[in-house]
Amino acid sequence: MPARETWATRLGFILAAVGSAVGLGNIWRFPFLTGEAGGAAFLVVYLLFVGVIGLPVLLVEFVIGRRSERNPVNAFERLGKPGWTFAGAIGALAGFIILSYYSVVGGWVLQYVIDSFTGAYFADPEGHFAATATGTNAVLFHALFMGLVAGIVALGIRNGLERAAKLMVPSVIVLLVILAGYGATLSDASEAYAYYLAPDFGEISANLFSIIPDAAGQAFFTLSLGMGVMITYASYLGEDRNLLTDGLTVVVIDTAIAFLAGLVVFPFLFAQNVDPGEGGAGTVFIGLADAFAGIPAGSLVGAVFYIMLAIAALTSAFSILEVIVSFLIDNFGVDRKTGTIAIAAVLFVLGIPTALDLTYLDAYDLLANNILLILGGLLLSLFVGWVYADGALDELNRGRGSDGAFAAFWIWTVRLVVPIVLVVTLALGVSGYIEFLNEAFF
Ligand code: PHE
């Protein structure tokens, strides 16, 4: 057997993990969920979940990956617990659902790249979004986006992607800071900040049961957790790294970008008198249209922004497809090109309903994030906390500058806090989903 590939540099691993984490979740999904759930109340619970659940589960995945040096489906067998293979399989299922509609939203972004040059969305942001989001054009651009992802995976041109990601993260941050600065000058900015940043604790407790599954699902989605992406990436790790430092880096960058996106979107929505709860999946597209319409060289800034967002979306989508394809290659000896094309075709068909009707998009999105990712994260945590704790602790403590006291704290968090919170979350997620299905379809 040839030696297993590893990341050439520490930066390579961090970039890939950040590239997977930073995507539509931060800039598209986070602002619209925050808007729907009433602003600051959601932000507070979300930040809590990122710290209390997100970071520990990220480390769970890192540990399983680096220890097993396998993809999420084969990792358990390699660790001597083949009975847990189903946990990895649930992740793969979540990946299928997520990527099928993620690509549709990626297609919207591609349309907005083009529309920036023509200024097509400047005059009527809401109408333009409605025309973009569903219909034949949405299906075609969904095909284009999926084709790009499949091309990257099939050709194995990850190098190009990593180079793009290197540029993408700082560019996204710079652009968001500039736009947030511009947003601060708008007339209703202080109202927008109060909405986004000043939590009303009465509101949190009144809506807690709906906020919890949304906030937890978003924490998992945005950090690419619960479906084995981080297991796969960590399986290529060399041994001298401190997993905690790497995990913290990913969490901080990812959270900062989502937070910044909120600082941009809300002032512009308020300036347009768009109720942030009403924008739905269009929130960020509608809010930003106004931003780009108002600034000098707005077409150009808009185009650059959407190109960066497209790259961010591609690096995330790539990570999902790569997990599914590498599993096929490892287990069924499928050749990379054939496997990629077949999976991409299935994903394209699966995504079509969400490109025709946004109700389906919500149905896929909630099922994957509020239920499957949470279930995946719960199983992985139970495995590490109760079945494989000694090996996991050993693994976390390997690497320069690791800290035994933190490891002890972490393992108890994974044993108790994470499962309790995730079981509650899962129950709320399932009941919320049943309610959603009843309202939407029956
Ligand atoms: N984290 C990505 C984003 O925020 C989405 C993603 C979810 C990627 C799950 C991989 C796995 O856009």
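**View 1: N273 counts as exposed because its relative accessibility is 71%.** The cut-offs, found with a 1.4 Å probe and protein chains only, go like this: buried means under 20% relative accessible area, exposed means over 50%, and partly exposed is in between. This is a predicted model, where local features need pLDDT of at least 70, side-chain atom pairs count only at pLDDT 80 or more, and totals for chains, interfaces and linings use all residues. Residues are numbered from 1 along each chain as its sequence is written, and side-chain values use heavy atoms, leaving out hydrogens and water. Find N273 in the loop that links α13 (243–271) to α14 (283–294). Helix labels come from DSSP runs (H or I, at least four residues), numbered from the N terminus. N273 isn't a glycine, yet its phi is positive, at about 60 degrees. Most residues other than glycine have a negative phi.

**View 2: S224 has a positive phi too, near 60 degrees, and is not a glycine.** Look for S224 in the loop between α11 and α12 (229–234). With a relative accessibility of 10%, S224 counts as buried. S224 also turns up on the list of residues closest to the ligand, which takes us to the next view.

**View 3: Here is the ligand, with 15 residues around it.** To join this shell, a residue needs a heavy atom within 4 Å. The closest ones are A21, G25, Y102, F221 and S224. Sort the shell by class and you get seven nonpolar residues, eight polar ones and no charged ones. In this sorting, Asp, Glu, Lys and Arg are charged; Ala, Val, Leu, Ile, Met, Phe, Trp, Tyr, Cys and Pro are nonpolar; the rest, Gly among them, are polar.

View 4: Taken alone, the ligand would expose 330 Å², and the protein buries 100% of that (areas by the Shrake-Rupley method, 1.4 Å probe).

**View 5: The ligand sits in the largest cavity.** A cavity is a set of points, on a 1 Å grid over the protein atoms alone, where a 1.4 Å probe fits but cannot get out. "Sits in" means that more than half of the molecule's atoms lie within 2 Å of those grid points.

**View 6: N26 belongs to helix α2.** N26 counts as buried because its relative accessibility is 0%.

**View 7: T315 lies in helix α15.** Its side chain reaches the backbone oxygen of A312 at 2.9 Å. T315 has a relative accessibility of 4%, so it counts as buried.

**View 8: I114 is part of helix α5 (residues 85–118).** I114 and S299 are 185 residues apart in sequence, but in space their C-alpha atoms are 9.8 Å apart. At 45% relative accessibility, I114 counts as partly exposed.

**View 9: E395 is in helix α18 (residues 389–396), and F406 is in helix α19 (residues 404–441).** E395 is buried, with a relative accessible area of 0%, while F406, at 21%, counts as partly exposed. F406 and L396 are 10 residues apart along the chain, and 9.6 Å separates their C-alpha atoms. E395 and L223 are 172 residues apart in sequence and 21 Å apart from C-alpha to C-alpha.

Methods
1 Å grid on protein atoms, 1.4 Å probe; cavity = no way out; pocket = protein on both sides within 12 Å on 5 of 7 lines; lining within 4 Å. Helix = DSSP H or I, 4+ residues; strand = E, 2+ residues; numbered from the N terminus. Polar contact = N/O pair within 3.5 Å; in protein donor to acceptor, adjacent residues only side chain to side chain.
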